[in-house]
Structure formats: C-alpha cells, structure tokens
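Here's a quick briefing to read alongside the model. Have the viewer open and follow the topics one by one.

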Amino acid sequence: MSDVTLDMRLGKPWKKPHFIKNPVTRWGLIIGALVYISFATGSLEVNWSRVSEGLVRGWNFIAAFATPDFVSRGTDIRDGLIESVIMTITSTIVGIAISIPIGLGAARNIAPLPVYLVCRGIIALSRALNEIIVAILMVAIFGFGPLAGFITLSFATIGFLAKLMAEDIEDMSRVQAEAIKSTGATWTQWINYGVQPQVMPRLVGLSMYRLDINFRESAVLGLVGAGGIGATLNTAFDRYEFDTAAAILLIIIATVMVLEYLSGVIRKKVQ
Amino acid sequence: MPVSENSKGQKVWQLHTRNESLIRWFAYLLTVAAFMWCWAKISESTTWYFVWDAPRIAADIGGRALPPKWEYINELWVPIWDTLNIATLGTILALMMAVPVAFLAASNTTPSKVFVRPVALMIIVSTRSINSLIWALLLVSIIGPGVVAGLLAISIRSIGFCAKLLYEAIEEIDQKQIEAITATGASRWQVMLYGIVPQILPAFAGISVFRWDINIRESTVLGLVGAGGIGLQLQSSLNVLAWPQVALILVVILVAVVVGEWVSAKVRGAII
C-alpha cells in the first residue's frame with residue numbers, strides 16, 4: 001500500500017489539542033496580547049547612552065560580589081542588621097499574637113456573622129496595603145526608627161497569618177471538635193483542646209514562613225526611614241559603594257537561606 | 001498517658017508529660033526574654049514624645065488628606081499605564097527567563113544534577129530573597145531612573161518565584177505519560193513538547209497570573225526609588241506634603257490591587 005492511500009484511509013493526521021479550545025477566544029487573546037505588547041513596549045523610553053554608561057557600573061557591581069567589603073562599613077552593617085533582626089522577631093511575635101484571635105474570628109464555623117465580617121475586613125485591609133505604603137504612613141505618624149517598621153510588619157503579618165489560619169480552621173475535622181464539646185467543655189477548652197491541636201502544625205509552619213518574609217521585608221523598610229538594614233543599603237547604593245552593597249546583599253541572601261532551611265526542618269518536625 | 005497527682009493523691013490527666021511541660025515552659029521563657037530585649041532596643045531608638053503625639057498627628061494628616069483631590073486623577077493616567085506595563089511586561093520577561101531555569105532545576109529534566117541543578121537553584125534563591133525594591137534601587141543606579149529599571153527589577157524578582165513553583169510542578173508530573181511518548185520513539189525535544197509541556201501548562205498559566213497579581217502590588221511602590229510608575233507621583237506628593245494627592249494615589253493603588261486580585265482569581269478559576 002502506498003503512502004497516499006494510507007493517508008487517505010487514516011483521514012486527517014493527529015494534531016496536538018490546543019490549551020484554549022475555543023478558536024475565537026484563543027485568537028482573540030493572542031491578537032489582544034500582541035497589540036498590548038506592541039503598545040506597551042512603544043511607550044517605553046530607553047536612554048541608551050545612559051544605559052551604556054551604566055553598564056560599566058553594572059559590571060563593577062557584579063565584580064563587587066567577588067570582593068564584598070564587610071569591613072569598612074562594618075559597624076553600620078552590624079547595627080542595621082541587628083535592627084532588622086529585632087524588628088523581624090518582635091513583629092512576628094506580636095503579629096502571631098494578634099492574628100490568632102482575628103483568625104478565629106474570621107473562621108465562619110466558629111465565629112458569628114458580625115465578628116466574621118469585622119475580622120475579614122481587617123484581613124482584607126492588611127492584605128491590600130503594600131508594606132512600603134504602610135511604612136510611609138507609620139513613619140509620618142510615629143517618626144523615623146524601628147518602631148514604625150515594627151508596626152508595619154506586625155500589621156502585614158496579621159493579614160497573612162489570620163487569613164491562612166482562618167482557612168485552615170474552616171477546613172478542620174468537625175468530629176474532633178464535636179467530641180470535645182460533648183464532654184461539656186467550655187468555649188475556651190473547646191478551642192484549646194478541639195481546634196488548636198488541629199491547626200497547630202500548620203500555624204507553626206506558617207509562622208516560620210512569615211518570619212522569613214518579615215526579615216526580607218525588613219531589609220527594604222529602611223528605604224522609607226522605618227529602620228533596619230535597608231537604610232545602610234540605600235546609602236551604599238547612593239554613594240556607589242558597590243562592594244559594601246554586595247556585602248549587605250550577600251548577608252541578606254545567606255540569612256534568608258538559613259531561615260528557609262530552618263523553617264523546612266521545623267515544619268518537617270511538627271507535621 | 002501523662003498524669004500528675006493532685007494534693008489528695010488522685011491521678012489527673014494532663015496534656016503533656018513533665019519533661020514536655022518543662023521544655024515548653026523554657027521555650028516560652030526564652031521567647032519572652034528575647035522579645036523583651038528586642039523591645040528594649042526598639043524603645044531605645046524611639047522618640048517616645050512623637051509616639052504619644054501620634055494620635056493627634058494621625059488625626060491631623062487624616063484631616064488634611066480628606067477629601068482626596070479628585071481632579072488630580074488626570075495627571076495619573078500615564079503613571080497608571082506605566083505601572084500596568086511594568087507589572088505585565090515584567091511578568092512576561094520573568095516567565096521567559098524562569099522557564100529554562102525551572103527545567104534546569106527540576107530533578108527529572110535537568111541535564112546534570114551535580115553541575116547544572118545547583119546553579120539553577122542558586123539563581124532561584126538569590127533572585128527570590130531580594131525584594132524588588134532593592135533590585136529597583138540597584139537597577140536605577142545602573143541604568144538610570146525610569147520605567148525600564150522598574151520593569152527589569154520586577155522581572156528579576158519574579159524569576160525565582162515563578163521558577164520555584166514551576167520546577168515543583170515539573171517534578172510532580174505523571175511519569176507514565178513521558179514513558180508513553182518515549183515509547184513511540186520521540187526525540188528528547190518531542191518528549192518535552194508532547195509529554196511534559198501539556199502537563200505543566202495549567203500550572204504555568206496559574207503561576208503567571210498569580211505572579212502578575214503580586215507584581216501589580218509591587219510595581220505601585222517602585223517609583224519611590226525612581227523606577228517609574230505611580231510611585232513617582234506618590235513620592236513627589238509626599239515630598240511637598242500634598243496629602244489630598246497622596247490620598248487619591250492611595251485610593252488608585254487600592255483599586256488597582258483589588259482589580260488585579262479579581263482578574264487573577266477569575267482567570268485561575270477558569271483554568272482549574
């Protein structure tokens with residue numbers, strides 16, 4: 001049998017099915033995306049002479065990673081780092097302490113409707129506002145320094161932890177909670193023995209994750225005057241002291257890696 | 001079962017054994033001590049006079065900021081467009097860089113577990129652990145202020161995030177489908193195209209929309225360090241203490257964030 005007749009017998013050759021099945025939507029999306037990209041890239045203005053001038057500086061910066069300078073601004077780096085760590089620890093602890101009641105209130109199977117709505121409102125507000133914007137407002141209100149950063153990070157922690165905790169509580173097994181309730185437990189005992197053990201592993205894991213995030217965020221709050229290593233980093237960039245900046249960035253990366261590793265170990269242990 | 005005896009000699013059930021209780025008590029003590037020490041440090045570097053004055057200041061700022069200066073919106077359309085571009089083009093650029101990194105990092109597709117995978121993981125960790133504002137700061141000092149610096153900052157920051165989620169998705173694919181494609185005599189690239197890609201495409205689409213949503217939030221503040229977008233207007237309004245303009249910008253940012261989250265939730269809902 002020749003190839004031609006085989007093809008005719010088999011009919012149309014097989015083709016990979018498309019990810020978006022409807023051809024109108026598919027082509028609409030593709031054309032829309034192309035039009036958008038051409039408009040968007042058209043509105044970009046690049047000052048090529050500035051870029052070529054800056055590329056030398058960029059190369060200097062990359063080269064600085066080979067020779068990071070931890071020493072010449074050593075005390076500044078140390079102070080900034082300690083401040084960042086302090087802000088991270090305090091804000092995580094306070095954030096957890098506040099987000100537990102809010103998380104309980106935002107779980108529909110525990111809280112009555114009015115409490116639920118108030119707590120969900122707090123969570124939504126905290127999640128919608130970017131940390132930097134909150135930090136700007138806090139600096140304006142409380143003055144420069146780590147207190148503003150501490151309040152900002154605590155506020156951001158509430159939105160994150162309380163939301164995930166509330167979702168976890170809503171997914172919990174009702175049987176265990178019911179069993180505790182049937183022994184005649186009071187409300188606090190019910191929460192403590194029926195609900196808490198079920199959400200605790202996840203809460204510990206999320207808290208560790210948030211500690212990690214708070215440290216990363218605390219590194220930028222200094223840019224708007226809210227304390228931490230960000231201020232030192234900003235000064236280093238402004239003075240084009242790339243070796244110091246590289247040292248700070250390396251410290252941040254190393255700390256985040258250590259925290260990530262630790263949180264992985266702890267999460268494995270509690271689960 | 002952990003028990004303790006009360007004064008009458010009866011046995012009482014307890015949640016933890018004595019050693020567990022001791023360890024817990026010690027951990028709490030350590031936490032409280034660390035917290036108090038940190039708090040003392042914060043307190044040292046705080047001017048408490050300003051803090052006691054804070055409610056008055058907050059009320060004062062609130063009084064000045066409201067109502068927002070609605071006419072100012074006409075000057076904001078271009079920054080809003082720039083912000084949207086930073087987020088969208090940044091995400092697209094990030095995905096283009098994240099896909100190869102993810103394939104190199106996934107243990108089942110990497111060409112070499114000893115040499116290539118650690119490098120890919122290193123790229124993921126280092127881009128992820130540095131905030132986009134710091135990337136923006138760096139890029140502004142390298143290529144000068146403007147939208148492009150912000151766009152690149154967003155895209156570099158997103159590489160780690162997208163590549164991490166993507167390589168986890170690649171590692172979780174169904175091996176049988178790969179084997180089936182390989183059994184037909186497909187080449188390495190054909191296996192990739194027909195065996196792996198269709199399996200991770202939904203995850204890929206989800207990740208990109210998710211990251212786009214986050215990038216909308218982040219791109220609104222990049223202007224604070226000179227990297228374009230609406231943050232530039234925010235910075236200049238803050239510098240001249242034009243609180244009604246600040247209020248309007250905050251409203252615009254909130255709307256943008258809510259719309260971004262809504263779009264991303266819709267698209268992810270449609271994919272899954």
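In H6(B), the buried residues are B:Ser132, B:Leu133, B:Ile134, B:Trp135, B:Ala136, B:Leu137, B:Leu138, B:Leu139, B:Val140, B:Ser141, B:Ile142 and B:Ile143. That's 12 of the 12 residues, so H6(B) is largely enclosed by the rest of the structure. Bear in mind that this is a predicted model.

**More on H6(B)**

- Helix H6 of chain B covers residues 132-143, and its 12 residues reach 16 Å from the first C-alpha to the last.
- That span is close to the 16 Å expected at 1.5 Å a residue.
- What do the buried residues of H6(B) pack against? On the chain A side, they meet helix H3 (48-64), helix H6 (131-142), helix H9 (187-221) and helix H10 (229-238).
- From chain B itself, helix H7 (147-171) and helix H9 (188-219) join in the packing against those buried residues.

**Chain A in outline**

- Chain A has 11 helices and zero strands, so to read its elements from the N terminus on is to read α-α-α-α-α-α-α-α-α-α-α.
- The radius of gyration of chain A is 27 Å, whereas a compact globule of 271 residues would come in near 18 Å.
- Take the contacts in chain A between residues at least 6 apart in sequence: 71% of them join residues at least 24 apart.

**Domains of chain B**

- Chain B is split into domain 1 (3-63) and domain 2 (72-271).
- Taken over C-alpha atoms, the centres of domain 1 of chain B and domain 2 of chain B are 38 Å apart.

- The average pLDDT of chain B is 84, and 99% of the residues score at least 70.
- Where in chain B is confidence lowest? Strand S1 of chain B (residues 3-5) has the lowest confidence, with a mean of 72.
- At the other end of the scale, helix H4 of chain B (residues 77-105) has the highest confidence in the chain, at 89.
- For the complex, the predictor gives an ipTM of 0.77 and a pTM of 0.80.

Note on methods: Residues are numbered from 1 along each chain as its sequence is written. Chains are lettered from A and ligands numbered from 1 in the order in which they are written. This is a predicted model: local features need pLDDT of at least 70, side-chain atom pairs count only at pLDDT 80 or more; totals for chains, interfaces and linings use all residues. Helices (H or I, at least four residues) and strands (E, at least two) are DSSP runs, numbered from the N terminus. The radius of gyration is taken over C-alpha atoms; the globule rule is 2.2 Å times the number of residues to the power 0.38. Two residues are in contact if their C-beta atoms, placed from the backbone, lie within 7 Å. The expected span of a helix is 1.5 Å times one less than its number of residues. A residue is buried if 20 or more other C-beta atoms lie within 10 Å of its own, exposed if 12 or fewer, and partly exposed in between; C-beta atoms are placed from the backbone. pLDDT is the predictor's confidence in each residue, from 0 to 100. Domain bounds come from an automatic or database domain assignment.
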